[in-house]
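Let's get to know a protein chain by working through a few exercises together. Keep the sequence and the 3D view open as you go.

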Amino acid sequence: MKRYRKLTEAEIATMQANGCRAEDWHKVTVGKGFDADCCNHVTFYGWARIGSTKGTIMVTDDFVKHCGINNATLRNVTIGDNCLIENIGNFINEATIGDGCQIANVSTINTLKDANYGEGTLISVLNEAGKGNLIIFSGLNSQVGALMVNHSSDKQLMQTLKRLITDTVAATRPHCTTIGNHVTIVNTNEVSNAVIGDGCRIDGAARLSDCTIASTADNPIHIGTGVICENSIVSGGSKLTGSVKMVDCFVGEACELSIGFTAASSVFFANCYMSNGEACAAFCGPYTVSHHKSSLLIGAMFSFYNAGSATNFSNHAYKMGPMHYGTLERGVKTASGAYLLMPAKIGAFSVLFGKLMYHPDTRDLPFSYLIAYSDTMYLVPGRNFATVGLYRDIRKWPKRDRRNTADRKSCVNFDWLSPFTISEVLRGKKILEDLRANGPNAGKNYKYQDYVIKPEWLERGIMYYDLALRIYMGAVLKRHRPVKPQTDRGEGNWIDLSGLLMPEHEERQIIDDLTSGKLDSITALIYRFKGINNDYNELRWAWSYRLLLDYYGLDELSDDSLDRIHADYKDARRKWIDLIRNDAQKEFMLGDVEQEVYDDFIGQLDREVDFEDRRLYM
């Protein structure tokens with residue numbers, strides 16, 4: 001703890017000569033290295049503690065200023081060593097400022113009564129008219145958030161989580177606005193009831209009120225021009241720039257919100273990118289992306305999602321209010337102008353076109369196209385499985401993880417073919433085969449819910465799903481020794497908990513352990529999620545082993561059966577690559593792709609055969 005002393009008479013005289021005034025000079029204390037000549041035109045109310053003023057700060061490239069306090073009004077403030085505080089238009093009141101900070105051209109830094117710094121706020125996501133189903137706090141990750149939202153009707157669980165979060169927040173809540181070490185706040189209007197972590201840069205913000213900006217030296221945050229951030233939390237590595245306006249929101253690790261984006265009662269996790277458009281009551285899991293001014297994300301849960309221009313969702317129940325909501329499973333895309341009538345549930349890696357009505361539920365038909373043409377809704381099952389877009393997406397996401405590798409809060413599994421998606425593929429294949437067995441309708445088409453499936457689409461859908469199964473099974477055998485599983489934890493249905501692929505019974509066990517008190521802290525809960533993520537390979541193998549035996553009608557995995565499975569894998573994978581090559585050629589023939597880009601992509605596909613026989617386990 002730093003030691004402070006009272007000012008000497010000589011120091012008081014020097015400061016008065018420099019235009020400084022104080023209600024009571026005895027309440028102004030200073031630390032080692034304090035130089036009275038470095039305080040000019042400062043007015044002190046209440047008490048103040050000031051550290052060393054002998055250092056310098058680089059305010060921009062090749063421009064260094066001497067530390068000190070100039071043109072400021074301070075009340076009940078602690079200022080660390082080697083800070084530059086200048087040109088405070090109104091005042092700094094009830095604040096703690098760390099070492100090496102630059103605070104300049106700022107109107108107000110203040111603390112008001114009953115400040116919560118954005119921590120522990122209950123917000124309503126998905127159901128915009130709901131009573132609240134998600135508590136935001138600095139330690140939130142996508143799994144904890146999804147657990148709350150998915151099970152908000154479980155009163156015992158929600159009471160337990162609320163108590164654990166309240167305990168976590170209370171243990172770290174400061175008594176006043178707190179600014180960490182080496183923070184820059186310049187050309188900013190208002191900062192009130194805020195916690196701002198180490199290394200943060202705030203340049204030109206309009207207002208930060210009741211916020212926690214959880215920046216660290218290794219994972220700094222940037223808040224830029226015109227930003228308004230109220231009752232919200234921002235996690236390490238994120239950027240808010242270009243007049244973003246946000247209220248009652250949580251921004252996770254390495255997210256970027258920019259160019260006038262607005263958000264209310266929404267959460268954004270791991271590597272989300274939002275610009276121009278808006279979000280309301282949206283649960284944006286990892287890698288949710290929206291670029292366009294005319295796009296509105298509202299009343300839905302997303303992950304690995306890409307919103308096309310003018311995407312919109314209808315969550316309004318007419319006179320009953322905006323209470324409808326839906327789920328777009330991982331990897332879904334919406335084309336330009338897409339519209340989805342909620343409630344709706346869309347299967348993984350699907351693509352939506354046009355104004356889609358009739359509340360589709362295609363969770364058992366992943367990789368599909370849903371197309372609205374006039375008043376008819378079409379479903380093309382499995383079509384997205386063999387497209388250039390999917391091939392590019394599944395390879396780009398791991399490369400675009402900008403999070404600090406030392407401490408990643410949200411668990412993100414990039415496996416695109418997993419027990420979760422393959423379970424859907426199995427159900428989808430069975431649905432299509434049953435439709436074929438029952439025959440088409442009078443119009444010679446098939447119907448799933450209120451969506452039309454043409455006969456040729458149905459046949460290709462079965463083919464796509466079978467390719468997916470054989471590719472998955474061969475890929476799993478490349479990643480695990482063909483031995484009997486040592487655990488049955490991976491068996492049963494799987495879920496995608498906002499980026500974490502896990503058996504459903506593991507989630508149920510977590511809920512039981514929370515309500516029984518076996519999991520007694522948020523730290524323990526997140527540790528459990530990370531443990532499941534670390535066990536993914538073994539859990540996946542336990543599920544896949546049974547699939548292999550059932551699909552091939554085996555009692556055990558013999559050498560002959562392994563050779564057959566691998567041969568099927570290679571054949572399926574080569575057909576898949578050929579289908580993607582044909583898709584790329586179609587796009588090239590439209591004349592919209594340069595020859596060099598096309599050649600590079602085809603070259604990448606040609607190299608895919610190099611990986612067919614590579615074993616990935618030791």
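Helices (H or I, at least four residues) and strands (E, at least two) are DSSP runs, numbered from the N terminus. This is a predicted model, where local features need pLDDT of at least 70 and side-chain atom pairs count only at pLDDT 80 or more, while totals for chains, interfaces and linings use all residues. Residues are numbered from 1 along each chain as its sequence is written, and side-chain values use heavy atoms, with hydrogens and water left out.

**Exercise 1. Find the place of R383, and decide whether R383 is buried or exposed.**

Step 1: Look in the loop between β39 (376–380) and α4; that's the place of R383.

Step 2: Recall the cut-offs: buried means under 20% relative accessible area, exposed over 50%, and partly exposed in between (1.4 Å probe, protein chains only). The relative accessible area of R383 is 19%, so R383 is buried.

Step 3: Leaving aside neighbours within four places in sequence, R383 is in contact with F367, S368, Y369, Y464 and D583.

**Exercise 2. Work out how α4 and α11 are arranged.**

Step 1: Locate the pair: helix α4 covers residues 388–399 and helix α11 covers residues 595–606.

Step 2: Take the angle, using axes that are lines fitted to C-alpha atoms, for helices over the stretch in contact, with angles running from 0 to 180 degrees between N-to-C directions. For α4 and α11 the angle is about 75 degrees, with the axes 13 Å apart.

Step 3: Apply the classes: under 35 degrees counts as roughly parallel, over 145 as roughly antiparallel, 65 to 115 as roughly perpendicular and the rest as oblique. So α4 and α11 are roughly perpendicular to each other.

Step 4: See who makes the contact: V388, Y391, R392 and R395 of α4, with F601, Q604 and L605 of α11.

**Exercise 3. Do likewise for α5 with α9, then for α2 with α8.**

Step 1: The axes of helix α5 (residues 419–438) and helix α9 (residues 536–552) cross at roughly 20 degrees and come within 11 Å. That angle makes α5 and α9 roughly parallel.

Step 2: On the α5 side you'll find P419, I422, S423 and L426, which meet Y536, R540, W543 and L547 in α9.

Step 3: Helix α2 (residues 142–150) packs against helix α8 (residues 522–534) at about 105 degrees, and their axes are 10 Å apart. So this pair, α2 and α8, is roughly perpendicular. Q143, V144 and L147 of α2 make the contact with L525, I526 and F529 of α8.

**Exercise 4. Describe the surroundings of M301 and of W25.**

Step 1: M301 sits in strand β29 (residues 300–302). With 11% relative accessibility, M301 counts as buried.

Step 2: Not counting residues up to four places away in sequence, M301 touches L126, V149, N150, F283, G326, T327 and L328. The C-alpha atoms of M301 and L328 are 6.0 Å apart, though 27 residues separate the two along the chain.

Step 3: Now W25, in the loop between β2 (21–22) and β3 (28–30). W25 is also buried, at 13% relative accessible area. With residues up to four places away in sequence left out, W25 touches L7, I12, M15, Q16, C20 and F44.

Notes. Contact means heavy atoms within 4.5 Å.
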